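Subject: Structure handover

Hello,

Here is the structure I promised to pass on. Please open it alongside this note; my findings follow below.

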Amino acid sequence: MPTVLRQVRPWGGDVSDVTLTDGQIESVVPHDPAVRREAATVVEGRGRLLLPSFSDVHVHLDSTRLGLPFREHTGSPGVWAMMMNDRKNWRNAEASITERTHTTLRMMIERGTTRVRGFAQVDLDCGLERFEAVQAARETYRDQADVKIIAFPQAGLLLEDGTAALMEEALRNGADVMGGIDPCTLDRDPVRHLDIVFSLAEKYQVPIDIHLHEPGELGHFSAELIAERTRALGMQGQVTISHGYPLWGVSEAHTRRLIETWAELDISTATIAPGGRFQLPLAELAAAGVRVGLGEDGQRDYWSPYGNADMLDRTWQLSFVSGFRPDALIEHALAVATVGGASILDRDVPRLRSTTDRPGLEVGDPAELLLVPGDTVSAAVMDRSADRTVIHRGAIVADQLQLI
């Protein structure tokens, strides 16, 4: 039976009735109060905004303390020091890693995320325990969200013997993406690091997602090596560089060359909207057709006290740190958080081509949707109401921050 979303405003436009069939948008017509749909399930939109649901493309589902008592932050600066703090503490939480992973994914769905690309740490300390916890959460919520798992070498691939073999085991056991991290500053051997990343991705026919925190010229050196591998191996459209913030602070010439290269090779990037002086040039990336997605990173974990499983909140943060004030730019931040991320997860989803693109709600689009109040889209981002209805594959999966 079709589902009709009655009296909704797609992207804040005219009041419409939207029919969903077989997990897709079948029709979008002007709302007529006199028309009643007898042979359909009717959802009263109450004049709320209809938006694409969120796509979180950078979340550490296995690094979370959501739902547990708040704790003092004990981490030290630097990737290795923060990782060692996590190793020291993650097993001692008040709930198991499996319970915490389930809680975080459930909260994300309730708040409007139905498409996820999540990291699962794989190293000699945890083995596949954290990966298996993420797998279990994905299975539990398979009817409420689509989840892709990145096998992630948080401790590098070369510093501890046996890490690469564990990564391959995770890929054999169902990981969807091959991860990498800081080939120069962490592993200190970018050639060997990228040899492992790209060879395993080729062997198991999976895409790649590489954390890149490296500064300045060194970061650009790593980015160039990644681009060279992508081109040489024909992996266009299969590589994502996560974070990469210092890349944008070197020079205008560096920025222009990087954007041109990523557009040519369809290399995407994922941000968590951090503060600081290095911000993504979102308008320029969109104009070039570079795919950009948003994510929440770790959630109130042993790395950071931030995170609340709410991508609408993270959209506000992206708008804020980007200095966005015009409505069109705030709406673009929401487009990045929804369809922008979806285009990374599925390269058949068209990439955003400008800051005025508002895709995802046309006939034939997947029925991955969110209803939320707001006079305008910008108002919804500012207010972040709890009055939300979440739709996955054409069916309501959460309402009023409660899973159905």
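A residue counts as buried when its relative accessible area is under 20%. By that cut-off D86, at 1%, is buried. Keep in mind throughout that this is a predicted model.

**Salt bridges**

The structure holds 24 salt bridges.

Start with D86. Its salt-bridge partner is R130, with the closest N and O atoms 2.8 Å apart. The two sit in distant parts of the chain: D86 belongs to helix α1 and R130 to helix α3 (residues 129-140), 44 residues apart. R130 is buried as well, because its relative accessible area is 1%, and buried means under 20%.

Helix α1 has a part in another pair. The side chains of R87 and D123 form a salt bridge, at 3.5 Å from N to O. R87 lies in helix α1 and D123 in the loop between β7 (113-121) and α3, so this pair ties together parts 36 residues apart in sequence. Both R87 and D123 are buried.

Next, R393 and D146. Their side chains meet in a salt bridge with an N to O distance of 2.5 Å. This pair also links distant parts of the chain, 247 residues apart. R393 is in the loop between β16 (389-392) and β17 (395-399), while D146 is in strand β8 (residues 146-152). Are these two residues buried or partly exposed? R393 is partly exposed, at 45% relative accessibility. D146 is partly exposed too, with a relative accessible area of 30%.

Finally, there is a network. Salt bridges link D266, R291, R347 and R351.

**The largest pocket**

The largest pocket has a volume of about 660 Å³. It is lined by 28 residues. Closest to its centre are H243, I272, D297, W303 and S304.

Which elements supply at least two residues each to the lining? They are β6 (54-64), α1 (79-89), β10 (208-212), β14 (297-299) and α9 (311-321). The largest share comes from β6, with 3 residues.

Over to you.

Best wishes

Definitions and conventions
Residues numbered from 1 in each chain as written. Predicted model: local features only at pLDDT ≥ 70, side-chain atom pairs only at ≥ 80, totals over all residues. Heavy atoms only, no water. 1 Å grid on protein atoms, 1.4 Å probe; cavity = no way out; pocket = protein on both sides within 12 Å on 5 of 7 lines; lining within 4 Å. Points joined across faces, edges and corners; volume = space filled by probe spheres on them. Helix = DSSP H or I, 4+ residues; strand = E, 2+ residues; numbered from the N terminus. Salt bridge = Lys/Arg side-chain N within 4 Å of Asp/Glu carboxyl O. Buried < 20%, exposed > 50% of the residue type's maximum accessible area, 1.4 Å probe, protein only.
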